[in-house]
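Let's take a friendly walk through one protein chain. Please have a look at the sequence and the structure below before reading on.

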Amino acid sequence: MSGEPGSIGRLVLAATPMGDIGDASQRLRDALGSADIVAAEDTRRTRSLAKALNVEITGRVVSFYDHVETARIPMLLTEIEGGRTVLLVTDAGMPSVSDPGYRMVAACVERDLPITCLPGPSAVTTALALSGLPVERFCFDGFAPRKSGQRKEWFRTLATEPRAVAFFEAPHRLADCLADAVRILGPDRRAAVCRELTKTYEEVVRGSLAELAAWAVEGARGEITVVLEGAQKVSADPADLVDRVEGLAAAGLRLKDACAEVAATGGVSRRELYDAVLAARAAAAE
């Protein structure tokens, strides 16, 4: 498979099935069987994939996961410069999308080496299509932060984001993540939780954040992609948001913090909202 002396090879990124083997493209099959080197996130899973596709991998298979990615790049660049084709695959979906790949692409770009991509399965676009939400404009934000404090700060950055937002979450953190989303973004913002996409137990649950948070308490398993509806432009009357603030305050949040959280999604200033709450309390005390 080696190129002619002095020729340049190329890097080929290839999407792999997320669950249903039938999603493998013919181009992926051809590439697995013809590449000089297959750089795989998990070599065993890639060999199993090839076997399921009745493809014989004739090239060299090397591991290419997070902890060895940087160390592998110089060798792979040398191979490409020597005229060889390097096929880069991850466990499922598209390389570089929350998976190894982008550092290798950047290194090839820096050396002006040829790069191409074999399109195919992606949890992000699949979840967006299934969400039932307006997704003409969207952004992908990787994995939600693990710690609650950081996650709340992250949700605050999405409070006024007009585009739909897709992100990944681990099943054991989903309930806490959605609870934080309710607290920061409000209970009514719509979302969809997509799990085990293309697999036997595929499930898409749609509803308000409050509804999804209540559902997630029962536990969810499998690989999960969440799609969050884009924020709607609103200009609320501070008086209309007092009950939401009081609800957060009753749950133990300091009044100023509760006002800040509700103001972030309510289209009012925290000072106006704080004054409205104090005025409502004064009126109730009369």
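Which residues on the other side of H6 are exposed? Keep that in mind as you read.

## About the model

This is a predicted model, where local features need pLDDT of at least 70 and side-chain atom pairs count only at pLDDT 80 or more, while totals for chains, interfaces and linings use all residues. Residues are numbered from 1 along each chain as its sequence is written, and side-chain values use heavy atoms, leaving out hydrogens and water.

Helix H6 covers residues 148–158; helices (H or I, at least four residues) and strands (E, at least two) are DSSP runs, numbered from the N terminus. In H6, Arg151, Lys152, Trp154, Phe155 and Leu158 are buried, meaning under 20% relative accessible area, whereas exposed means over 50% and partly exposed lies in between (1.4 Å probe, protein chains only). Seen down the axis of H6, the buried residues fall within an arc of 160°, so they line one face of the helix; the arc is that of the directions from the helix axis to the C-beta atoms.

And the opening question? Gln150 and Thr157 are the exposed residues on the other side of H6.

Strand S6 (residues 138–143) runs parallel to strand S7 (residues 164–169), and 4 bridges join them; two strands pair if DSSP finds at least two bridges between them. Phe143 has Phe168 in S7 as its bridge partner.

## The whole chain

The chain has 11 helices and 10 strands. Of its 286 residues, 47% are buried.

Key:
Right-handed = clockwise from strand over helix to strand, strands pointing away.
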